[in-house]
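Here's a quick briefing to read alongside the structure. Have a look at the model first, then go through the points below.

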2 protein chains.
Amino acid sequence: MSLLVTGSIGIDTVKTPFGVSKDCLGGSAVYFSMAASFFSPVRFLGAIGADCPFILKKVFKGRHIDLAGLEMRQTSKTFRWAGSYAGAMNEAVTDAVELNVLAENPPIMPDIYKDSKFVFLANTAPILQIKLLDQLNNPKFVAADTMNLWINNALPELKRLLKKIDCLVLNETEARMLSGDHNLITAAAKIEKLGPSVVVIKKGESGSIIRTKKGELFVLPAYPATIVKDPTGAGDSFAGGFMGYLASQNKTDFATLKKAVACGTVIASFTISDFSLKPLTKIKRKNIDMRLNELRKFVKF
Amino acid sequence: MSLLVTGSIGIDTVKTPFGVSKDCLGGSAVYFSMAASFFSPVRFLGAIGADCPFILKKVFKGRHIDLAGLEMRQTSKTFRWAGSYAGAMNEAVTDAVELNVLAENPPIMPDIYKDSKFVFLANTAPILQIKLLDQLNNPKFVAADTMNLWINNALPELKRLLKKIDCLVLNETEARMLSGDHNLITAAAKIEKLGPSVVVIKKGESGSIIRTKKGELFVLPAYPATIVKDPTGAGDSFAGGFMGYLASQNKTDFATLKKAVACGTVIASFTISDFSLKPLTKIKRKNIDMRLNELRKFVKF
């Protein structure tokens, strides 16, 4: 089933205790698409400036990623992010950010994307997420990401968005902020009251929680990765694995949601093992399936 | 199989966002014994002062907890601890502590305890843990807890202890401190090089990790508790459930260790649901078994 992602394409500079990766390819839509493409074809919607040194067509070669929605703006510059991680690398510190093309109008939805059934709205201003969503005809399952900035500064728009989507994917700090509840299970229940019937809370190295409005609950530890060099893109590739699997099954029942969380968990465990997109360009579907089996064993008692 | 615990009996005053519990019963040996008694008889070794308002014989009534090792010291005072939890209640802030009897000689091991096969040395100075251990004849599986204080101030003694025990139970911060490694999986492997063939790392609301020297690995989220009123004793009752189950099976193979971690996880989820020992006095073995089944479902995909 068709899967659409809207998000950023970035020129990243990342410092971790394992080294520096200067001007490498990043961005939420890029990580998401790479991850999702192991499971499902992807429709890509995003904008770059004339300065972008990456040819996405080459980067995505051999994957079913439709770039009809990639806008190159001759007079604009590409989004840039510089960040660093220290210690346990649980949190990025933003060293510098240039919004550039992200501060302009969002990309225009190609007509051929408008019938998309599975949709992921990567983190951006909720008002833009709403505008993007409103261009679609009749999506079946819409998931969105958000962040502390919007919870603090654009709460009314975020609440409008939440009424329009099926699933919110956010991290534990954001879940606590949005719900006003420290307990992540009751926090998820409170967020569901704001609209989405599914809430996924990402806890980084401590795994994730998924809860549905029916009260169904699934808790999964992270894949116990021993090589963690660059956590950039972990959340977006988690979302890519999650949505990619759902789209591939064309189902969103609880059993499918659980397996989708496991797919996201495993994909993220590869993403963090090296800088930028290196791991995702190297692995095959069989590597993912092997880790899925391992993860199943790791939690079995 | 015989299970011995050595640890503290405390008069606790605990403040959480849910209220205050003044001068209630606490202490590592007390929480451990209550938890372990659901699975196995327990031999209790600890000391109180003449001021102790609790009659442990009454508290433990109906449980197989042998109090031959409970020393009442007429001229001493009982250990007191006052602590508070805020926010997500992940960490206790110690407001006041009076070591009292804990600053004196450790209790004397009754002869009838010396053949104990399963042994838990709750957190105290490593030198005392060694002295207690050296009084035993031929234990089969010895686990110990420790804390940042000893890692910082008594590392040589702690390292001596580690060579004598089979299993170290510690929290994630302590594991990182002791190993000098942020990654908990490789941290566990490094700690195993110091002696213990099994390392259990507790991550509070994010569950736990167990690793053996053979490289076997099990990761389990916490039971997704929605009622958390007082986390005091969670770690010690986790250890009680863990060791109680092992002793009940008289086995320490990996399948048994995994189930034991699950038992500890579930017991801890009850402990935190109300102040002091209230939850553990109310539940029955069947409540534990129900949550074990639920936990198995929560992680299944």
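A polar contact here is a pair of N or O atoms within 3.5 Å; within protein, one must be able to donate a hydrogen and the other to accept it, and residues adjacent in sequence count only if both atoms are side-chain atoms. This is a predicted model, where local features need pLDDT of at least 70, side-chain atom pairs count only at pLDDT 80 or more, and totals for chains, interfaces and linings use all residues. Residues are numbered from 1 along each chain as its sequence is written, chains are lettered from A in the order in which they are written, and side-chain values use heavy atoms, with hydrogens and water left out.

**Ser276(B)**
- The side chain of Ser276(B) gets to 2.7 Å from the backbone oxygen of Leu25(B).
- Ser276(B) sits in the loop between α9 (254-271) and α10 (278-282) of chain B; helices are DSSP runs of H or I with at least four residues, and strands are E runs of at least two, numbered from the N terminus.
- With 10% relative accessibility, Ser276(B) counts as buried (under 20% relative accessible area, with exposed over 50% and partly exposed in between; 1.4 Å probe, protein chains only).
- Leaving out residues up to four places away in sequence, Ser276(B) touches Tyr31(B) and Asp230(B), among others (contact means heavy atoms within 4.5 Å).

**Helix α8(B)**
- Of the 16 residues in α8(B), 13 are buried, so the rest of the structure largely encloses this helix.

**Chain A**
- Chain A has 11 helices and 13 strands.
- Buried residues make up 59% of its 301 residues.
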